[in-house]
Amino acid sequence: MKSPSTLATWLSGLDGSRLARVLAMRKDAASSPEPRSVGELADRLQRPGSVALVLPQLTLPCLQAAEALAALGARATRDSLAELLGSTSPAAVHALDAALEALSDRALVWHDGNGALHMPTPLREAWGTPLGLDAPLEELLAGATSEELRGMLAVLGVKAPGTKQQRLAALVEHHSDAERVAALVAGAPAATRKLLEQSAGATPRQSPRQSLFVVFGAPGRDLQPGARWALDRGLLLQDPHRYEPVRMPGEVALALRGPDWRAPFEPLPPVAQLVPVTSSEVEREAAVAATAFAAQAAAVLSACATAPPARLKSGGIGARELARLGKAAHADDAVVRIALETAYAAGLLARDGDRVPPTEAYDAWAEQEPAEQLAVLLRAWRDLPLTPTRARDEDDKALPALAGAPDCGGCLQARHGLLTAAAGLPAGQGVKVASELGPLVAWHRPLADDASPQDTAPFSTVIREGELLGVLARGALSPLGAHLAAHADEELDSTARRLLPPASTTARIGADLTAVVTGTPSARLAELLDSMADRETSGTASVWRFSAGSIRRALDAGRTPDDITADLAAGSATALPQPLTYLIADTARGHGRVRIAPAACVIHGDEPALLAELAVHRALSKLALRQLAPTVLVSGSPPATTLAALRAAGYAPVAETAGGTVRIEKLPPQRAAAAVPPPRRKAVRSGPRITATRAPDLPTDAEMDVLALADRLLKAPLTTPEPDPFGTGVPYATDTEEIVSGYAKHLSYSDVRQVAHAIDAGAAITVEYVATSGNRTVRTLSDLELDPPYLDAWCHLREAERVFTLSRIHGVMPA
């Protein structure tokens with residue numbers, strides 16, 4: 001067999017068990033349809049998307065080893081990698097071998113018979129400049145001409161061979177000698193040494209390309225001081241025909257960093273402060289947390305079944321609905337969010353239009369024991385592609401639940417990293433503070449998502465979720481969490497049944513009108529108590545309280561007093577207390593004494609026979625008449641429709657007003673509104689316009705003589721103008737004032753008098769006017785003419801005739 005320089009060749013040389021191990025570790029690439037050959041499997045394993053799915057699952061040493069291999073390139077070997085990482089101690093050597101083994105299990109690294117290490121191209125390209133090192137010299141000079149290579153060798157004092165390939169090999173050999181490069185740079189000008197040291201000292205994951213750029217000008221110009229000396233010797237490279245940044249070959253950068261420089265490598269996880277804990281303590285605390293969560297989650301989903309939460313127009317369940325569910329289940333926001341997200345992932349909830357109601361699977365789930373219910377939600381939580389309790393985004397805006405956001409692979413890996421980190425703690429030991437698990441999670445899953453703005457410490461949100469679910473307890477992994485981490489579903493079910501008590505089928509009803517259920521109530525008991533009492537608390541013990549209102553709610557649902565008493569007696573561990581039986585009897589005694597029937601209108605009369613005839617009349621069946629008393633009918637149609645139908649059937653009903661009097665249906669004749677009389681004015685000449693006073697309407701000589709008119713005037717009551725609307729008691733001086741006051745509601749009485757005077761006297765005036773757009777302007781007006789509710793005038797601001805609305809004048813000042 002030839003040397004396995006390709007992945008397909010390496011895979012074909014594995015035995016069956018080792019290949020099965022690779023397939024198990026790379027389920028993403030070996031999924032259905034199954035690959036038909038090793039070559040097809042190798043092609044899948046090397047796809048960029050497949051490699052990107054595996055990277056978040058790697059530990060920090062694996063990622064550091066892979067980055068170092070990408071920096072070494074084709075010359076990578078096990079020994080060169082160990083030297084670059086500084087893996088000299090036994091622990092570091094063991095950790096490096098373990099990292100290479102883990103990378104090999106995922107087909108990310110393989111070795112050939114010559115000791116060289118190989119990696120897929122997509123993995124090598126995952127780092128633009130691994131360890132801050134650019135591409136090797138041979139790759140960067142692939143496009144150089146033979147003459148350019150000869151020039152570099154000549155400056156270096158190396159005799160140039162005959163062919164381009166030989167010259168390139170000679171230059172690579174020269175620059176691969178770290179001592180020779182260091183001596184060359186030591187003799188460079190000070191500016192060049194400074195430039196090269198800055199470029200070579202780039203920190204890992206930072207590209208040296210960020211330092212030297214040619215922005216404008218011809219190639220080779222506008223370089224930093226000292227760059228030309230390095231370019232002539234191949235210590236820095238730049239295409240002279242293209243506008244590209246100046247680049248430093250990887251060999252040169254490594255040589256300038258010195259023989260003592262090592263790539264970062266953290267073979268061991270961070271040290272956390274541990275405290276001894278017993279398995280019984282962990283189990284006891286995990287059981288309490290898991291029991292409380294199971295009960296609260298069941299209450300949350302029961303509230304969803306009673307009233308499915310509404311979705312926002314933008315998607316998801318908003319803060320108002322979350323608060324409603326939390327209040328109904330007596331659970332905090334974190335528990336509500338976990339219950340909703342895990343139930344949705346498990347298929348217990350589904351989106352249906354603008355609501356999120358339970359599915360048929362929920363009915364079967366609700367009938368299960370609490371341990372079985374919890375196991376379903378725990379498995380869904382383990383595989384959730386999001387962090388359910390993350391309630392706010394980076395801008396501190398509230399996030400809805402079940403919003404349908406894109407899958408977050410980093411969130412999933414944060415949860416898996418937590419399980420792995422906690423599983424790696426020594427037996428009988430737990431972290432002193434739960435937040436100390438955060439650095440361990442970061443070591444096990446460096447690419448996990450830890451961007452929650454709520455976190456006060458690394459991964460504190462996901463750690464808190466584990467504690468709420470009983471996965472973590474006393475700073476250690478509980479048996480529930482251990483089975484979750486191992487994907488041992490059967491063991492998870494059995495452990496949950498061992499830790500969680502069975503559902504309670506009876507309640508202890510006390511004389512204080514409370515019902516207490518220890519543990520998780522069964523679905524039937526919870527439904528019974530929810531229908532007859534108000535839930536006060538949920539958790540390891542749930543409490544309901546009976547009241548007249550809760551009993552009345554059961555009676556409104558169609559239950560009889562005997563049914564309520566019998567059902568509660570069947571669900572009570574003791575005999576029903578006397579106060580509860582009295583409460584049921586007293587509430588039932590007053591229930592239904594007053595009845596409310598739907599009706600659009602009422603028909604009544606003095607003849608019972610006539611009302612009975614209307615109730616059975618076939619032509620009136622569409623009115624849905626119902627007889628409440630011998631002389632009273634109710635109709636399902638509005639009064640106008642009922643009145644028309646009765647008249648069409650040959651009857652002569654009359655309509656009543658709300659006060660019980662007969663409504664007069666004669667409509668008064670409609671007339672146009674009288675025009676507002678023009679104001680009385682004195683004859684005033686103003687420019688070319690003459691305004692005359694209005695003459696009173698006097699009767700003609702044929703209608704009345706002067707003496708009769710005088711007698712009529714003397715007998716008429718004395719009337720005075722109405723006072724101003726501000727209550728000063730000052731009467732209106734003219735009709736103009738009264739008219740302006742009726743429309744200009746924003747003006748004081750003094751401003752009204754000024755406007756009226758300007759209209760009557762033909763004087764100019766300055767007003768504060770609010771246009772329809774809302775802009776306030778100051779206008780000087782003259783040649784005013786009143787045309788209620790408008791005022792025609794010459795506007796000095798616009799130099800034109802304009803029409804102004806009196807109600808929009810907000811202030812008056814002298815012109």
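Predicted model: local features only at pLDDT ≥ 70, side-chain atom pairs only at ≥ 80, totals over all residues.
**The chain as a whole**
- The secondary structure comes to 34 helices and 20 strands; helices (H or I, at least four residues) and strands (E, at least two) are DSSP runs, numbered from the N terminus.
- Of the 815 residues in the chain, 41% are buried, where buried means under 20% relative accessible area, exposed over 50%, and partly exposed in between (1.4 Å probe, protein chains only).
- Take the contacts (heavy atoms within 4.5 Å) between residues at least 6 apart in sequence: 60% of them join residues at least 24 apart.

**A three-stranded sheet**
- Three strands make an open sheet in the order E11-E13-E12, with antiparallel pairing; two strands pair if DSSP finds at least two bridges between them.
- Strand E11 (601-604) and strand E12 (626-629) stand at the edges with a single partner strand each, so one side of each has no neighbour in the sheet.
- On average, neighbouring strands of this sheet are turned by 30° against each other, direction ignored.
- Helix H30 (residues 608-615) packs on the sheet and touches E11, E12 and E13, and its direction makes about 25° with that of E13.
- E12 and strand E13 (residues 632-635) pair in the antiparallel sense over three bridges, and they form a hairpin with two residues between them.
- Ala 629 has Val 632 in E13 as its bridge partner.

**Two helices that cross**
- Two packed helices are described by the angle between their axes and the distance between the axes.
- The axes of helix H2 (residues 16-25) and helix H7 (residues 90-105) come within 8 Å and cross at roughly 80°; axes are lines fitted to C-alpha atoms, for helices over the stretch in contact, and angles run from 0 to 180 degrees between N-to-C directions.
- H2 and H7 are therefore roughly perpendicular to each other, a label used for angles of 65 to 115 degrees.
- Arg 18, Arg 21, Val 22 and Met 25 in H2 meet Glu 101, Ser 104 and Asp 105 in H7.

**Buried places in helices**
- Ala 286 lies in helix H16 (residues 279-306) and is buried, with a relative accessible area of 0%.
- Leaving aside neighbours within four places in sequence, Ala 286 is in contact with Gly 470, Ala 473 and Ser 478.
- The C-alpha atoms of Ala 286 and Leu 499 are separated by 8.1 Å, although these residues are 213 apart along the chain.
- In helix H6 (residues 78-85), the buried residues include Ser 80, Leu 81 and Ala 82; the buried residues of H6 pack against helix H5 (60-72), H7, strand E2 (117-118) and helix H15 (250-257).
- After H6 comes Gly 86, with a positive phi near 70°.

Note on methods:
Residues numbered from 1 in each chain as written. Heavy atoms only, no water. Parallel < 35°, antiparallel > 145°, perpendicular 65-115°, else oblique.
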